[in-house]
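I opened my notebook next to this chain and jotted down what I looked up, one entry at a time. Come along if you like.

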Amino acid sequence: MIVPSHTFIATWLGVSFAGATPIPVEPDERTYNIDPAHIEAAITPRTKAIIAVHLYGQPADMDPIREIAARHGLKVIEDAAQAHGAIYKGRKVGSLGDAAAFSFYPGKNLGAYGDAGAVTTNDSQLAERIATLRNYGSKVKYQHQEIGLNSRMDELQASFLRVKLSHLDEWNQRRAKVAGEYLSGLGAFSPQLTLPYVPEWASPAWHLFVIRHPQRDQLQKKLQEVGISTLIHYPIASHLSGAYEGMKFPSAVFPIAEELSKTVLSLPIGPHLSDAQVEEIILSIKKSVLEI
C-alpha cells in the first residue's frame, strides 16, 4: 500500500495492522504532502491502494492521485485526521477518495473529550464492512462473521462532537486568520525561515502551522526561553523508527522526509490565540532567528 514517507507513524501502522506493507513515497517539498509525481514508480502488481494524508490540515493534491489510482485499479484512502473542514478545489476533504479516516483526538480541530474517530465513504458495501469490523465482526448480536474489534465511539464522545461540530467553521476561520498573520508577519523576513506553502486550489484547516529552519533546535530552545511552546511534527521519519527497522530501508533512501524531520517546527495555532499573542510570537521568532 502506498503511503507518504513524511507523516505521523499512525498512517503506516494502520497499513501494518491490516496485514499489508507500507511502501513510502516522498513528499512535495513545498506542501509536505505525498508527491503525485513519484507515486506511479512505486506501484507494483501487489499494490492495492494509495493513502493520501492531508498533513497539517493541508489538502493533498487529490485529482492526479485519483487519476493514477484509476489507471491501475487501486483504491484511494484519505487520512484526514488533521484536516477537518479543509477544502480541495471547492470540495471538502473526506469526500475525495473511496474512504477517509478522521481522528477526533482532543487536540484536533474537531476533538472529542477523549479518543474517538470516524470513517466516511460513499460505498455502502464498504460502510457495512467497517460497521461490522468495529463491532467484533458482528452484524447481529453474538453472531460473528469475521475477526473484528471493539472500536465503537461511545455516546459521551459523540455528544461532545455534535456540539463542537457547529463551531468548526468558525474555529477554522480563526485558525486561518492566525495563519494569515503569521504569513504576513514572517514573510520574506529571513531566507532561512521557510513558511507553509498553500496552493491556489487549497483551503487548509490549519491544524498546524509548520515552519522550517536549519537551526530548528536552537530556535525552539530560544522560543521556549521566552515562554513560547512549540512542537516538532515529526522528529523521527517513520522508516527510521524501531517499528520498521525490519524493512531495512537503506540510509538516506527518503532524504526529503529525513530533512523535514530535522527542520520542521510547529508554532502555536488555534482559535484561542489572541491577536496580541500572535504578534508577540511573531516578534519573538524574528528576534530569535536574528540571534541564532
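I found tryptophan 206 in the loop between strand S11 (202–203) and strand S12 (209–212). Helices (H or I, at least four residues) and strands (E, at least two) are DSSP runs, numbered from the N terminus. Phi of tryptophan 206 is near 55 degrees, a positive value in a residue that is not glycine. I noted this because most residues other than glycine have a negative phi. Is tryptophan 206 buried or exposed? Tryptophan 206 is buried, at a relative accessible area of 8%. Buried means under 20% relative accessible area, exposed over 50%, and partly exposed in between (1.4 Å probe, protein chains only).

Tyrosine 142 also has a positive phi, of about 70 degrees, although it is not a glycine. I located tyrosine 142 in the loop between strand S9 (138–140) and strand S10 (143–144). Tyrosine 142 is exposed, with a relative accessible area of 68%.

**Ground rules.** I am reading a predicted model, where local features need pLDDT of at least 70 and side-chain atom pairs count only at pLDDT 80 or more, while totals for chains, interfaces and linings use all residues. Residues are numbered from 1 along each chain as its sequence is written, and side-chain values use heavy atoms, with hydrogens and water left out.

**A cis peptide.** I looked up the bond between histidine 233 and tyrosine 234, and it is a cis peptide bond with omega of about 15 degrees. Tyrosine 234 sits in the loop between H7 and H8.

**Aromatic rings.** How many aromatic pairs does a search of the whole structure find? The search gives 9 aromatic pairs. Rings of Phe, Tyr and Trp (its six-membered ring) pair if their centres lie within 6.5 Å; planes under 30 degrees apart count as stacked, over 60 as edge-to-face and the rest as tilted. One of the pairs is tryptophan 12 with tyrosine 244, edge-to-face at 5.0 Å centre to centre and 70 degrees between the planes. Tryptophan 12 is in helix H1 (residues 9–17) and tyrosine 244 in the loop between helix H7 (216–225) and helix H8 (255–263), so this pair ties together parts 232 residues apart in sequence. Tryptophan 12 and tyrosine 244 are both buried. I also saw that ring pairs join Trp12, Tyr244, Phe249 and Phe254 into a cluster.

**Salt bridges.** I counted a side-chain nitrogen of Lys or Arg within 4 Å of a carboxyl oxygen of Asp or Glu as a salt bridge. By this rule there are 12 salt bridges. In one of them, glutamate 40 meets arginine 71, with the closest N and O atoms 2.9 Å apart. This pair links distant parts of the chain, with glutamate 40 in helix H2 (residues 36–42) and arginine 71 in helix H3 (residues 62–72), 31 residues apart. Glutamate 40 is partly exposed at 33% relative accessible area, and arginine 71 counts as exposed at 53%.

Next I checked arginine 174 and aspartate 275, whose side chains form a salt bridge (3.0 Å, N to O). Arginine 174 lies in helix H6 (residues 168–186) and aspartate 275 in helix H9, so the pair ties together parts 101 residues apart in sequence. Arginine 174 is buried at 17% relative accessible area, while aspartate 275 is partly exposed at 42%.

Lysine 177 and glutamate 181 form a salt bridge too (2.7 Å, N to O). They are 4 residues apart in helix H6, which means a separation of about one helical turn. Arg174, Lys177, Glu181 and Asp275 are linked in a network of salt bridges.

**Valine 278.** I found valine 278 in helix H9 (residues 275–291), buried at a relative accessible area of 1%. What does valine 278 contact, leaving aside its neighbours within four places in sequence? The contacts (heavy atoms within 4.5 Å) are Val178, Glu181, Tyr182 and Leu273.

**Whole chain.** I ended with the totals: the chain has 9 helices and 13 strands. Its radius of gyration, taken over C-alpha atoms, is 20 Å, close to the 19 Å of the globule rule (2.2 Å times the number of residues to the power 0.38) for 292 residues, so the chain is as compact as a globular protein of that length. Buried residues make up 45% of the 292 residues.
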